[in-house]
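Below is a short walk through a structure, taken one region at a time. Keep the sequence and the 3D view side by side while reading.

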Amino acid sequence: MSAARQAPLTRALAWVLTAGGAIGLVAAFVLTVEKIALLKDPGYRPSCSINPILSCGSVMKTPQAEAFGFPNPLIGVAGFAVVAAIGVVLLTGARLPRWFMLGLQVGATFGVVFVHWLIFQSLYRIGALCPYCMVVWAVTIPVFWYTTLANLTSGDLPVPRPWRRAVEGVARFHSAVLVAWYLLIIVLIGEEFWSYWRTLL
Amino acid sequence: MAKKKNTRPAGGKKTRPRPPAAKAAVAAPQPRRRGMSTNLKMTIGLIAAAIIAIGVTVVLSNSGESTAASTSPTDERLVRPDSHKLSTAADGKVTLVEFLDFECESCGALYPDMERLRAEYDGRITFVVRYFPLPGHKNGEPAARAVEAAAAQGKFAEMYRKMFETQSAWGEKSEPQDGVFRGFAGELGLDLAAYDAAFADPATAARVQKDQDDGISLGVDRTPTIYLNGEPVERPGYESLKESIDKALA
């Protein structure tokens, strides 16, 4: 194996970053446009306000939608563009230096922590789900997961010797873990809004 | 050995020189593919299990049929002495009881039909309205309290109408709409101080809850649920209700 050859998970990471970054960028962009429309006309009904639970409008008007004092989707517009660009670079077969991959790790970790805070707020504080925001949740998780796995297995993130086998074991079930992660959130959503889903059945 | 090779960094720190035999073994892509397929199997298995679980949950929750059970036309859980009536039949032959949530869209969709039937059968059948605010609707319960507060001033029917006619303006919101409801009270010319007191009174909430408890004990699990002489009406609409009413009146 030549030094230039990418690890198998880096290949998967390249696709996850490219697709995830592109999808996340579209969602963040739409949310930004909706936010501007909402600022122009407070009575505006965003395209994704479907029913009391699936509603962007009510979510976008909350303080949590401006966690850092400015609309959250602005972070997404900038961040996901970078993620998609890194994905495309990796698709060329490039092997990026350790400091670069660690930078991506920092960004992806911030993203995943922030998104889970938003999930918690959305489910248990706001009590509504915003579809475009959920798209962002759905892509941020694999972006973080595959970045972390790629960095752990490539050695860019150091793993203590006793943990190496465990990491390798988990890495083998990368997509199963991702699906389990998704399912956990789906279960939480289903449980929290059960009484409402029932009325739709 | 082969397993480790899977995740070994390409060209990473080669701490141990690998014997040529091992190298040859890992050169074949097979072990890697086997690892991937276990992952794939688990992934597909998880998705399949989730789909089955969702399916079972939906079936168990009785998606198709309402759990509302038939009961005796004189079952006191259907009509209490303090239940609100939009119209009263002198002969008491036909009683229509609707369990509704003011924020429920299908109740709003049925509302014009109910108004039409009420006009056509005014005085010939008894229309009873029972509160059944659904937990999924943030303002369904406050709306019921607002109507109850208006009822205390003799404006039940007016507030009931107001709620459904304006539902699209205040429904489906996660913010409280108490101010909007108070505005309706003002438009109806209610004594606002008395309205405010009644709206906030725990007794009003308890009155709404009492209706809901009756509904739950009857097996009502959705809104609108309509009982015609103790018999739940499947898929209530203008035609189906008219047919049932005519049959009951005959």
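Predicted model: local features only at pLDDT ≥ 70, side-chain atom pairs only at ≥ 80, totals over all residues.

A helix crossing is called left-handed if the near helix is turned anticlockwise from the far one by less than a right angle, and right-handed if it is turned clockwise. Helix α4 (residues 98-126) of chain A and helix α5 (residues 131-154) of chain A cross in the left-handed sense. Their axes come within 8 Å, at an angle of roughly 145°. The residues where α4(A) meets α5(A) comprise 13 nonpolar, eight polar and no charged. On the side of α4(A) they include A:M101, A:L104, A:A108, A:V112 and A:V115, while α5(A) contributes, among them, A:V136, A:W137, A:I141, A:F144 and A:T148.

Chain B comes next. Its 250 residues contain eleven helices and five strands, and 36% of the residues are buried. Of the contacts in chain B with a separation of 6 or more, 81% are between residues 24 or more positions apart.

The strands of chain B form an open sheet in the order β1-β3-β2-β4-β5, with mixed pairing. Strands β1 (84-87) and β5 (231-232) of chain B stand at the edges; each has a single partner strand, so one side of each lacks a neighbour in the sheet. Further in, strand β2 (residues 95-100) of chain B runs parallel to strand β3 (residues 126-131) of chain B, and six bridges join them. One of the residues to look at here is B:F99, whose bridge partner in β3(B) is B:R130.

Is B:D214 buried or exposed? B:D214 counts as buried because 22 C-beta neighbours lie inside 10 Å, and the cut-off for a buried residue is 20 or more. The C-alpha atom of B:D214 is 7.2 Å from that of B:L78, although 136 residues separate the two along the chain.

Helix α10 (residues 202-218) of chain B also holds B:T204. B:T204 is buried, because 20 other C-beta atoms lie within 10 Å. Beyond its neighbours within four places in sequence, B:T204 is in contact with B:R145, B:E148, B:A149, B:A198 and B:F199. Of these, B:E148 is 56 residues from B:T204 in sequence, yet the C-alpha atoms of the two are 6.7 Å apart.

Key: Residues numbered from 1 in each chain as written. Chains lettered and ligands numbered in written order. Helix = DSSP H or I, 4+ residues; strand = E, 2+ residues; numbered from the N terminus. Buried ≥ 20, exposed ≤ 12 C-beta atoms within 10 Å, placed from the backbone. Contact = placed C-beta atoms within 7 Å. Pairing = 2+ DSSP bridges. Axes fitted to C-alpha atoms, helices over the stretch in contact; angles between N-to-C directions. Nonpolar A, V, L, I, M, F, W, Y, C, P; charged D, E, K, R; others polar.
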